[in-house]
Amino acid sequence: MNTTIPGGDANSAAPPSAHPAPPPPSGPVPFPREFALRRLGDMLRIRRLEEKSAELYGAGKIRGFLHLYIGEEAVAAGAMAALRPEDNIVATYREHGHALLRGVAMDGIMAEMFGKREGCSRGRGGSMHLFDAATRFFGGNAIVAGGLPLATGLALAARLQREPRVTACFFGEGAVAEGAFHEAMNLAALWHLPVLFCCENNLYAMGTALERSQAQIDLCAKAASYPVDARSADGMDVVAVHEAVLSAAEAVRAGRGPVFLELRTYRFRAHSMFDAELYRDKAEVEAWKARGPIHTYTARLKAQGLLNEEQFLAIDRRAEDEVAHAVAFAEAGQWEPVDDLLKDVTAAPALVQGAVR
């Protein structure tokens with residue numbers, strides 16, 4: 001009996017797929033100097049937070065699942081700077097960078113990953129469920145594509161309440177294979193909702209190359225079939241991301257309906273800390289690291305005379321100091337009392353009896 005399938009032997013692990021890295025971003029940075037340096041600082045804040053999180057996970061301080069954003073920093077840095085405070089943000093489980101740049105305090109993020117009650121979700125959510133109503137950051141969601149229906153609902157609420165806000169939803173390309181993606185896209189297009197769908201396409205979903213799991217790998221073609229305005233940008237270039245998100249958000253804000261934006265990026269670390277990462281060739285990962293968003297952007301700033309090495313090191317030190325403070329804050333935090341185990345989970349018996357009466 002023939003047991004082979006396209007691309008490999010059904011009885012063995014599929015060989016790594018080749019995704020060669022495109023040329024690195026180049027050309028002048030069109031931002032004013034202060035704004036340009038803030039975007040560099042944003043990416044460094046994410047990178048140092050994620051590196052420290054990996055270290056703390058290895059030390060047993062952070063437990064459960066941990067999905068790192070290393071390599072993808074340009075997406076959050078470019079996108080969050082293009083959105084407004086009144087906009088809604090919905091993210092996936094790789095959301096530390098989105099939350100941080102949205103304005104969620106690093107102290108609260110780190111305490112949440114430690115499971116301390118001072119965390120932004122009171123220690124109950126952990127890495128995958130960061131939440132902060134004050135900044136309109138509506139999660140962190142552990143379910144693949146789980147945020148898309150939530151974003152569609154938030155956008156519908158904004159429409160019904162006549163609120164001039166955009167709902168930006170971030171998700172990976174693996175979510176495009178889920179039914180929730182198609183349902184959300186259909187309803188958003190049908191009802192002409194103010195949603196910006198930001199697909200962070202890092203090519204491998206959990207551990208399967210895009211071309212091995214989806215017959216149509218042109219994600220914009222899928223989105224355009226509903227139809228919605230579908231666009232694509234280099235997710236490794238903070239300039240390209242910022243300009244693409246700014247333009248897409250303006251289109252949504254102007255009442256032209258939902259927009260799908262593919263941001264082509266690449267994660268340098270495994271899918272999660274549990275991932276053995278046997279599906280990618282190491283040479284491919286190194287090639288993508290050579291066009292990493294932080295050092296290519298830094299090189300462009302230096303070439304324009306907007307930054308020198310001493311200034312770069314000062315920005316990096318501030319990020320490292322912020323991380324150190326966040327770790328100390330989390331270490332000093334308190335565990336939730338066992339007596340509070342059912343708090344906000346079940347109602348008090350007296351309340352239940354009152355409701356029945």
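Colleague: How do you know that strand β5 pairs with strand β7?

Modeller: Happy to explain, and please keep in mind that this is a predicted model. Two strands pair if there are at least two bridges between them. Strand β5 (residues 195-201) and strand β7 (residues 259-264) are joined by 6 bridges, so they count as paired. These two strands run parallel, and Leu196 stands opposite Val259 in β7.

Colleague: What makes β3 and β6 edge strands?

Modeller: The open sheet has 5 strands, in the order β3-β4-β5-β7-β6, with parallel pairing. Both β3 (88-90) and β6 (229-234) pair on one side only. From one strand to the next, the twist averages 20°.

Colleague: Which helices lie on this sheet, and at what angles?

Modeller: Helix α6 (residues 179-190) lies across β4 (167-172), β5 and β7, at about 150° to β5. Helix α9 (residues 238-253) touches β5, β6 and β7, and its direction makes about 165° with that of β6.

Colleague: Why is α1 called oblique to α2?

Modeller: Helix α1 (residues 33-58) and helix α2 (residues 73-80) pack at about 135°, with axes 9 Å apart. Roughly perpendicular ends at 115 degrees and roughly antiparallel needs over 145, so α1 is oblique to α2. The crossing is right-handed.

Colleague: Which residues make that contact?

Modeller: From α1 come Arg39, Asp42, Met43, Ile46 and Arg47, and from α2 come Glu73, Ala74, Ala76 and Ala77. By class, the contact of α1 with α2 has 5 nonpolar, 4 charged and no polar residues.

Terms used: Residues are numbered from 1 along each chain as its sequence is written. This is a predicted model: local features need pLDDT of at least 70, side-chain atom pairs count only at pLDDT 80 or more; totals for chains, interfaces and linings use all residues. Side-chain values use heavy atoms; hydrogens and water are left out. Axes are lines fitted to C-alpha atoms, for helices over the stretch in contact, and angles run from 0 to 180 degrees between N-to-C directions. Helices (H or I, at least four residues) and strands (E, at least two) are DSSP runs, numbered from the N terminus. Angles under 35 degrees count as roughly parallel, over 145 as roughly antiparallel, 65 to 115 as roughly perpendicular and the rest as oblique. A crossing is left-handed if the near helix is turned anticlockwise from the far one by less than a right angle, and right-handed if clockwise. Contact means heavy atoms within 4.5 Å. Ala, Val, Leu, Ile, Met, Phe, Trp, Tyr, Cys and Pro count as nonpolar, Asp, Glu, Lys and Arg as charged, and the others, Gly among them, as polar.
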